[in-house]
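Open the structure in your viewer and keep the selection tool at hand. This tour tells you what to select next and what is there.

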Amino acid sequence: MSKLVICDHPLIQHKLTFIRNKDTNTKDFRELVDEVATLMAYEITRDIPLETITVQTPVAETPSKVVSGRMLGLVPILRAGLGMVEGILKLIPAAKVGHIGLFRDHETLQPTEYYINLPTDAPNRLLVVVDPMLATGGSAIAAITALKKRDCEHIKLMCLIAAPEGVKAVQEAHPDIDIYIAALDECLNEKGYIVPGLGDAGDRMFGTN
């Protein structure tokens with residue numbers, strides 16, 4: 001079964017409070033999501049392997065650690081996932097970025113794919129699928145399925161807020177995928193929104209309705 005990691009660092013939880021607040025304006029909302037994404041990137045990269053090299057300091061030669069193994073790729077689910085990309089790139093500027101376009105049918109709550117574009121070496125990278133909300137899990141499942149169909153096997157999922165229903169759905173559909181979130185909320189309402197959640201992340205991020 002996949003691992004569920006709740007990133008409960010005090011700074012993440014502090015900023016998440018203002019992200020949830022309905023009175024937070026678009027500019028501040030966007031900046032806060034960016035900052036939380038940077039902080040969460042520390043946790044999602046915690047188990048990246050290291051190798052030892054030798055460097056010369058101004059005083060002496062010394063063994064030191066550098067990142068080794070697979071390079072990262074970021075795959076935001078359009079459009080709200082875009083708001084998390086720059087925050088992660090601040091920490092990992094060498095990461096490549098792909099995109100998956102999905103929209104949710106508000107009647108069936110099922111995702112429909114309308115766009116996908118990945119780095120040419122995506123199968124060789126550790127791909128982090130990013131989306132602020134993990135609600136029903138439909139979009140995340142569809143995005144991960146699309147990646148696996150394209151021979152991408154090393155994947156993690158990173159979201160700000162999740163509902164238990166969404167976590168369960170992703171774990172059942174993709175039991176090999178670790179999930180990183182900042183908060184696990186109570187439930188979904190009858191419209192498929194996370195409670196208490198933060199509303200529609202895309203609308204709040206881009207100032208649309």
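A salt bridge is a side-chain nitrogen of Lys or Arg within 4 Å of a carboxyl oxygen of Asp or Glu. Side chains of opposite charge can pair when their charged atoms come close.

Two notes before you click. This is a predicted model, in which local features need pLDDT of at least 70 and side-chain atom pairs count only at pLDDT 80 or more, while totals for chains, interfaces and linings use all residues. Residues are numbered from 1 along each chain as its sequence is written, and side-chain values use heavy atoms, with hydrogens and water left out.

**Stop 1: salt bridges**

How many salt bridges does a search of the whole structure find? The count is 12.

Select Arg79 and Asp203. They form a salt bridge, with the closest N and O atoms 2.6 Å apart. Arg79 sits in the loop between strand S4 (72-78) and H3, and Asp203 sits in helix H6. The two residues are 124 residues apart, so the pair links distant parts of the chain. Helices (H or I, at least four residues) and strands (E, at least two) are DSSP runs, numbered from the N terminus.

Is Asp203 buried or exposed? Asp203 is buried, because its relative accessible area is 18%. Buried means under 20% relative accessible area, exposed means over 50%, and partly exposed is in between (1.4 Å probe, protein chains only). Arg79 is partly exposed, at 35%.

Now select Asp34 and Lys90. Their side chains meet in a salt bridge (2.5 Å, N to O). Asp34 lies in helix H2 (residues 26-44) and Lys90 in helix H3 (residues 82-91), so the pair ties together parts that are 56 residues apart in sequence. Asp34 counts as buried, at 11% relative accessibility. Lys90 counts as exposed, at 58%.

Next, pick Asp176 and Lys148. This salt bridge has an N to O distance of 2.9 Å. Asp176 is in the loop between helix H5 (164-173) and S11, while Lys148 is in helix H4 (residues 138-149). The pair links distant parts of the chain, 28 residues apart. Asp176 is partly exposed, with a relative accessible area of 45%. Lys148 also counts as partly exposed, at 29%.

Finish this stop with Lys96, Asp121 and Arg125. A network of salt bridges links them.

**Stop 2: the annotated residues**

Zoom in on Ile194. It lies in strand S13 (residues 194-195). Ile194 is buried, with a relative accessible area of 6%. Beyond residues up to four places away in sequence, Ile194 touches several residues, including Met133, Ile161, Asp185 and Cys187. Contact means heavy atoms within 4.5 Å.

Move to Ala201. It belongs to helix H6 (residues 201-206). Ala201 counts as buried, at 4% relative accessibility. Which residues is Ala201 in contact with, leaving aside its neighbours within four places in sequence? They are Phe29, Ala80, Pro132 and Met133.

**Stop 3: the cores**

A nonpolar core is a set of buried Ala, Val, Leu, Ile, Met, Phe, Trp, Tyr and Cys residues joined through side-chain atoms within 4.5 Å. The largest one has 40 residues. To find the residues with the most contacts inside it, select Ile19, Met40, Ile88, Met158, Leu160 and Ile161. Elements that give two or more residues to this core include helix H1 (10-20), strand S10 (155-162) and S8. H2 gives the largest share, 8 residues. Apart from this core lies another, of 24 residues, among them Ile100, Leu102, Ile155 and Ile177.

Now click Val130, in strand S8 (residues 126-130). Val130 counts as buried, at 0% relative accessibility. Not counting residues up to four places away in sequence, Val130 touches residues including Val75, Met84, Ile88 and Met158. Draw a distance from Val130 to Ile88: their C-alpha atoms are separated by 9.9 Å, and the two lie 42 residues apart along the chain.

**Last stop: the surface**

Select Leu4, Ile6 and Leu184. They make a nonpolar surface patch of about 220 Å². Patches are made of residues with over 30% relative accessible area and no salt bridge: like charges are joined within 9 Å, nonpolar side chains (Val, Leu, Ile, Met, Phe, Trp, Tyr) within 5 Å. Accessible areas come from the Shrake-Rupley method with a 1.4 Å probe; for residues, only the protein chains shown count as cover. Leu184 is found in strand S11 (residues 178-184). Leu184 is partly exposed, with a relative accessible area of 39%.
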